[in-house]
Amino acid sequence: MKAQVESLRTAALGALAELETLKELEEFRVRYLGKKGEVTALLRGMGAVPAEERPAMGQLINQLRSELESALEAKETALSSLQKAAQLKAETLDVTMPGKAQTTGGLHPLNIVLADLIDIFQSMGFDVVDGPEVETDHYCFEALNVPKDHPARDMQDTFYLGENLLLRTQTSAAQIRTMEQRKPPIRIICPGRVFRADEVDATHSPVFHQVEGLVVDKNITMCDLKGVLEQFAHEIYGPDTKVRFRPSFFPFTEPSVEVDVSCSACGGTGCRVCKGNGWIEILGAGMVHPNVLAGCGIDPEVYSGFAFGIGLDRLTTTRYKISDIRLLFENDQRFLEQFNG
Ligand code: DAH
């Protein structure tokens with residue numbers, strides 16, 4: 001029996017040394033020290049041992065048990081610290097690695113400028129109105145004093161969708177829709193997309209943007225037009241910007257003007273942005289033609305008004321020194337990201 005105890009010790013300690021996981025360790029515990037384990041079996045076998053040897057044998061077996069127990073405990077400690085180390089290694093976090101940047105969306109440069117523009121006109125008491133991009137010949141031309149055979153139609157190459165239906169070439173159509181719906185005093189702006197059959201190049205796009213403006217009331221004069229548009233130009237381009245009114249022609253205004261501002265890139269000395277002449281044209285305007293007022297049921301003997309059409313794309317390209325209008329429409333992230341924040 002003594003030899004049996006001895007060989008169990010050798011076998012058990014040998015097996016323990018080989019164990020690699022905590023699961024195997026648990027199996028070991030059951031196999032040797034469990035209720036039905038091999039050490040317990042030895043104790044059970046004591047009945048066959050002569051009575052005088054029993055105390056010594058009992059002691060021997062108990063010694064083996066506690067020896068195995070403490071060896072098991074030591075192994076358990078060793079295995080769990082190994083396991084912990086492996087886990088830490090697997091979960092290593094390199095805190096010096098660059099993080100994944102969260103990109104936030106931003107406004108398109110046209111919308112940034114439009115928001116400023118709306119702020120400026122709202123602070124002067126203008127409402128913002130909307131109008132359809134698909135218009136009738138009536139609203140886009142006829143009611144704006146441009147009859148079917150009028151040579152001014154050649155100024156704008158129109159996309160026709162049918163005999164009387166077209167993509168609006170100008171936001172001026174909003175003037176008519178507004179005057180049909182509202183009574184003076186009227187102060188509105190109408191921003192929107194317009195369409196012309198133009199060849200695409202650095203300064204032309206078949207789709208671009210205008211902001212129409214209309215003021216109708218009693219005693220509105222050219223002074224009001226100049227005051228409002230000068231104020232607008234100074235707020236957009238800065239108070240030192242020079243503003244120039246040039247005589248021009250539009251069928252729906254009389255008299256008509258075009259408005260230039262001194263080039264913000266060169267201060268008026270001439271550069272690439274202003275094509276060397278020191279001025280940038282930003283809008284067309286004029287006193288609303290009596291025919292237009294009368295056509296909308298507003299008596300031109302009682303009321304007068306002024307209107308203007310601002311080129312939003314030009315305003316944006318000059319403000320940000322964008323050399324090619326196509327950049328505004330291509331949605332290239334690398335371009336658009338420069339306007340965020
Ligand atoms: N609609 C004109 C254009 O597209 C711009 C314009 C000029 C609008 C004079 C107006 C205006 O309201 O009064 O060129």
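Buried means under 20% relative accessible area, exposed over 50%, and partly exposed in between, with a 1.4 Å probe and protein chains only. This is a predicted model: local features need pLDDT of at least 70, side-chain atom pairs count only at pLDDT 80 or more, and totals for chains, interfaces and linings use all residues. Residues are numbered from 1 along each chain as its sequence is written, and side-chain values use heavy atoms, with hydrogens and water left out.

Q: Is Phe-250 buried or exposed?
A: The relative accessible area of Phe-250 is 17%. Buried means under 20%. Phe-250 is therefore buried.

Q: How many aromatic pairs does the structure hold, and why is the pair of Phe-121 and Phe-126 edge-to-face?
A: Rings of Phe, Tyr and Trp (its six-membered ring) pair if their centres lie within 6.5 Å; planes under 30 degrees apart count as stacked, over 60 as edge-to-face and the rest as tilted. The structure holds nine such pairs. The ring centres of Phe-121 and Phe-126 are 5.1 Å apart and their planes stand at 70°, so this pair is edge-to-face.

Q: Are Phe-121 and Phe-126 buried or exposed?
A: Phe-121 has 0% relative accessibility. For Phe-126 the relative accessible area is 3%. Phe-121 counts as buried, and Phe-126 is likewise buried.

Q: Why is the pair of Phe-250 and Phe-252 stacked?
A: The ring centres of Phe-250 and Phe-252 lie 5.9 Å apart. Phe-252 is buried, at 9% relative accessibility. The planes of the two rings are at 25°, so the pair is stacked.

Q: Which residues form one aromatic cluster?
A: Phe-121 and Phe-126 pair edge-to-face. Both belong to one aromatic cluster. Its members are Phe-121, Phe-126, Phe-232, Phe-306 and Phe-308.

Q: Which ring does the charged end of Arg-177 sit over?
A: A charge sits over a ring if NZ of Lys or CZ of Arg is within 6 Å of the ring centre and within 35 degrees of the ring normal. The charged end of Arg-177 is 4.0 Å from the centre of its ring. That ring belongs to Tyr-139.

Q: Which side chain has a polar atom 2.9 Å from an oxygen atom of the ligand?
A: A polar contact is a pair of N or O atoms within 3.5 Å; within protein, one must be able to donate a hydrogen and the other to accept it, and residues adjacent in sequence count only if both atoms are side-chain atoms. Ser-172 places a polar side-chain atom 3.0 Å from a ligand nitrogen, and a backbone N or O atom of Phe-308 lies 3.3 Å from a ligand oxygen. The side chain at 2.9 Å from an oxygen atom is that of Gln-175.

Q: How many charged residues does the shell around the ligand have?
A: Ala, Val, Leu, Ile, Met, Phe, Trp, Tyr, Cys and Pro count as nonpolar, Asp, Glu, Lys and Arg as charged, and the others, Gly among them, as polar. The shell has five nonpolar and nine polar residues. Its charged residues number two.
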